[in-house]
Amino acid sequence: MPINAEYRGPGDLPQVIPVFPLPGALLLPRGQMPLNIFEPRYLSMVDDALRDGHRLIGMIQPDAAHSQNEARPALFRVGCVGRITQLAEAGDGRYILELTGIARFKVIEEIAVLTAYRQCKVDYSPYVDDFTARKGEEAVDREALLEVLTDFLKANNLKVDWEGVESAPNEALVNALAMMSPYGPPEKQAMLEAPDLKTRAEILIAVTEMDLAKKRTSGDPPLQ
């Protein structure tokens, strides 16, 4: 999706960003994530992002395995910052918005703030390749990816717009499938932290193959 701002490198993004901890949520560069915002602290976060003009929110997963405070869980060290590219008011106090992924970041530290939502100082430099669209997509094994997608759809009685799949560039295809995949936080985090698009595709293929093998062995019913 085209956006109204150009981000050419880490210097074009703020070092301190609001973060939205959400388990199982995976945002990737140039991917689109719909969000239904209703908690007061996150409504304030959206208002502030719009008021400040940067329109940026960092998506990150809570790290449940290392959390002692359920109300304020520990965070994984890597997330992805997105720009608000669509926003609608639901009429009942909610915001319906869409984030478009810009680049991944590494959390340097969470900072003490007066806002109800959390904020972190972050570093984008480990993921400088994220600023280049379609970087490394020629290395993706597209045939293997489509093969496992076919098996997954068949096993779960699902359908897909094959015309759209076949016309999608490798980056868009890999990232969309990773973001929509039904796997848990550890698998989503592994795909987020993959060093390149080829590795992300390989993780997605491996996780899906393991899931399919498990279903065949256990006789689990298909996904609903």
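**Cores and helix packing in the predicted model**

Within the largest nonpolar core, which comprises 46 residues, the members that touch the most other members are Phe20, Leu35, Ile37, Ile57, Met59 and Leu99. When residues up to four places away in sequence are not counted, isoleucine 57 touches Pro18, Phe20, Met45, Val46, Cys80, Val81, Gly82, Ile84 and Leu99. Another core, of 16 residues, lies apart from it, and includes Leu13, Ile17, Phe105 and Cys120. In soluble globular proteins, nonpolar side chains tend to be buried together.

Proline 18, one of the residues touched by isoleucine 57, belongs to strand E1, which spans residues 16–21. Its relative accessibility is 8%, and proline 18 therefore counts as buried. Leaving aside neighbours within four places in sequence, the contacts of proline 18 are with Met45, His54, Leu56, Ile57, Gly58, Tyr117, Arg118 and Gln119. For tyrosine 117, the separation from proline 18 amounts to 99 residues in sequence, whereas the C-alpha to C-alpha distance is 7.0 Å.

The arrangement of the helices is considered next. Two packed helices are described by the angle between their axes and the distance between the axes. For helix H2 (residues 142–155) and helix H6 (residues 197–218), the packing angle is about 30 degrees and the axes are 10 Å apart. Because angles under 35 degrees count as roughly parallel, H2 and H6 are roughly parallel to each other. The crossing in which H2 passes H6 is left-handed. On the H2 side the contact involves Ala144, Leu145, Val148, Asp151, Phe152 and Ala155, which meet Leu204, Ile205, Thr208, Glu209, Asp211 and Leu212 in H6. By class, the residues of this contact of H2 with H6 comprise eight nonpolar, one polar and three charged.

Helix H6 also packs with helix H5 (residues 185–193), the two axes coming within 8 Å and crossing at roughly 160 degrees. Since angles over 145 degrees count as roughly antiparallel, H5 and H6 are roughly antiparallel to each other. This crossing of H5 and H6 is right-handed. Here Glu187, Ala190, Met191 and Leu192 in H5 meet Arg200, Ile203, Leu204 and Val207 in H6. The contact of H5 with H6 contains six nonpolar and two charged residues, with no polar ones.

Helix H4 (residues 170–180) is mostly covered, with eight of its eleven residues buried. These buried residues of H4 are Asn170, Glu171, Leu173, Val174, Asn175, Leu177, Ala178 and Met179. Among the elements that cover the buried residues of H4 are H2, H5 and H6, together with strand E2 (32–37) and helix H3 (162–167).

Most residues other than glycine have a negative phi, and most peptide bonds are trans. Arginine 134, in the loop between strand E6 (118–123) and H2, has a positive phi near 65 degrees although it is a residue other than glycine. With a relative accessible area of 44%, arginine 134 is partly exposed. Asparagine 157, located in the loop between H2 and H3, likewise is not a glycine and has a positive phi, of about 55 degrees. Asparagine 157 counts as exposed, because its relative accessibility is 63%.

Notes. Residues numbered from 1 in each chain as written. Predicted model: local features only at pLDDT ≥ 70, side-chain atom pairs only at ≥ 80, totals over all residues. Heavy atoms only, no water. Axes fitted to C-alpha atoms, helices over the stretch in contact; angles between N-to-C directions. Helix = DSSP H or I, 4+ residues; strand = E, 2+ residues; numbered from the N terminus. Parallel < 35°, antiparallel > 145°, perpendicular 65-115°, else oblique. Left-handed = near helix turned anticlockwise from the far one by under 90°. Contact = heavy atoms within 4.5 Å. Nonpolar A, V, L, I, M, F, W, Y, C, P; charged D, E, K, R; others polar. Core = buried A, V, L, I, M, F, W, Y, C linked by side-chain atoms within 4.5 Å. Buried < 20%, exposed > 50% of the residue type's maximum accessible area, 1.4 Å probe, protein only.
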